[in-house]
Amino acid sequence: MAPLPLHDETLLFEPAAANDDALAVVFAFPNQYTVGITSLGYQVVWATLARRADISVSRLFTDGSEPLPPTIDVLGFSLSWELDYANLLTQLETLDIPIFASDRTEAHPLLFGGGPVLTANPEPFADFFDVILLGDGETLLDDFFDALVELKSASRTQTLRRLAAVPGVYVPSLYSVTYEGPTGGVRAIAPVTSEIPATVQKQTYRGNVLSASTVVTPHAAWENIFMVEVVRSCPEMCRFCLASYLTLPFRTASLEDSLLPAIEQGLAVTNRLGLLGASVTQHPEFETLLDYLNQPQFDDVRLSIASVRTNTVTPKLAETLTRHDTRSITIAIESGSERVRQIVNKKLETDDIERAAVNAKAGGLSAMKLYGMAGVPGETMADLEQTVALMLRLKKAAPGLRLTFGCSTFVPKAHTPFQWYGVNKEAEKRLGVA
Ligand code: SF4
């Protein structure tokens with residue numbers, strides 16, 4: 001396994017020196033270093049472990065790792081995308097660890113996983129994990145690792161039983177799952193004994209200090225980016241949207257206690273800043289944040305914003321992005337058809353979209369990318385034609401603004417109102433129209 005380019009990393013936290021009897025943990029990401037190190041969730045969990053003297057943590061990616069311990073006590077994975085699951089199985093094989101939890105013995109590490117994909121729907125992958133962490137890591141991680149450290153010399157069976165009592169920890173082997181049929185849904189999930197909790201409560205962090213980068217590196221997918229989480233979840237609740245439903249309630253980082261101190265720390269080591277969250281511009285003090293970033297000392301800061309709700313594209317936002325070296329803005333409109341937007345609960349008028357394009361151009365941006373979907377429940381071919389008509393209307397309203405439309409097929413997500421709709425078989429064909 002290739003070594004990681006650690007000499008290029010600037011750490012924004014103080015790692016602890018591990019004790020001699022520290023728990024040997026490998027924390028993995030099932031993709032390349034450049035992808036994994038750009039995941040804010042991965043960075044934060046890794047730093048949480050690295051700050052503890054009772055844990056010795058090494059990082060593992062598909063193309064490199066830190067030196068791995070001769071015996072691994074615990075192996076963890078952070079999962080952000082379903083498509084990474086295949087890589088996870090390959091990584092287990094590379095480490096000579098059985099891929100099925102039921103084939104592991106005392107000689108193997110305990111395998112845990114966490115992240116949005118597993119929290120949303122752990123069951124399809126439950127056979128591979130000894131433990132799945134459900135929900136926000138802020139409280140869950142320390143509770144989980146405190147228990148693991150305490151159980152270091154316990155048997156695998158004892159450890160799993162004890163871990164099952166930690167709120168938010170799902171131990172699949174301690175639950176029996178029955179299905180409606182070979183292709184049907186889950187009928188029931190029941191603990192195998194009465195000492196195991198009947199339900200596992202997803203953990204929800206309710207503080208107003210959200211996450212920020214713990215490492216900056218030129219090898220990140222967005223070179224040298226420092227990321228801060230501005231909001232978590234989204235209050236709009238579009239009926240297909242996992243980013244909203246999975247992480248409700250909508251939480252915002254405190255400007256004074258979270259965002260500004262984090263940004264100051266990050267901009268001391270880099271001039272590239274990413275504002276993250278499902279609906280960043282809906283932070284109640286977003287205007288104040290823009291004013292802060294528009295101070296002359298931040299003139300050389302390159303600013304990226306993860307997601308912008310269409311009706312919050314003001315001339316001021318566009319000017320701020322232009323001033324900070326961003327030429328393009330991305331908005332998700334889902335469809336050019338008002339009818340489809342109503343079906344998905346996207347509270348957005350066609351006039352709002354036009355205004356966003358006009359404001360983007362007026363603020364000096366040169367491009368606007370729009371995202372949409374084909375195959376939404378209730379959609380007809382006429383709706384797709386309205387998307388084409390909308391693009392033509394925008395071209396006229398904001399001449400010179402480079403417009404692109406990215407379109408994917410609707411994929412139902414667990415926990416959303418559209419979770420049982422299935423994938424429209426026509427969707428691929430309709431993509432051609434869109
Ligand atoms: S506005 Fe965007 S982030 Fe918010 S619920 Fe709708 S699609 Fe999700």
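This is a predicted model: local features need pLDDT of at least 70, side-chain atom pairs count only at pLDDT 80 or more; totals for chains, interfaces and linings use all residues.
The protein is split into three parts: domain 1 covers 6-191, domain 2 covers 206-307, and domain 3 covers 328-434. How far apart are the centres of domain 1 and domain 3? Taken over C-alpha atoms, the separation is 37 Å.

Next, a pair of helices. Two packed helices are described by the angle between their axes and the distance between the axes. Here the pair is H12, residues 350-362, and H13, residues 381-397. Their angle is about 40 degrees, and the axes lie 9 Å apart. Because of that angle, H12 is oblique to H13. The crossing of H12 past H13 is right-handed. Who makes the contact? From H12, look for Thr350, Ile353, Glu354, Ala357 and Val358. From H13, look for Leu390, Arg393, Leu394 and Ala397. By class, this contact of H12 with H13 has six nonpolar residues, one polar and two charged.

Last stop: the backbone. Most residues other than glycine have a negative phi, and most peptide bonds are trans. Two spots deserve a look. Find Leu248 and Pro249. The peptide bond joining them is cis, with omega about 0 degrees. Pro249 sits in the loop between helix H7 (242-245) and strand S14 (251-252). Then find Asn224. Asn224 is not a glycine, yet its phi is positive, about 60 degrees. Where is Asn224 found? In the loop between strand S11 (215-216) and strand S12 (225-229).

Key
Residues are numbered from 1 along each chain as its sequence is written. Domain bounds come from an automatic or database domain assignment. Axes are lines fitted to C-alpha atoms, for helices over the stretch in contact, and angles run from 0 to 180 degrees between N-to-C directions. Helices (H or I, at least four residues) and strands (E, at least two) are DSSP runs, numbered from the N terminus. Angles under 35 degrees count as roughly parallel, over 145 as roughly antiparallel, 65 to 115 as roughly perpendicular and the rest as oblique. A crossing is left-handed if the near helix is turned anticlockwise from the far one by less than a right angle, and right-handed if clockwise. Two residues are in contact if their C-beta atoms, placed from the backbone, lie within 7 Å. Ala, Val, Leu, Ile, Met, Phe, Trp, Tyr, Cys and Pro count as nonpolar, Asp, Glu, Lys and Arg as charged, and the others, Gly among them, as polar.
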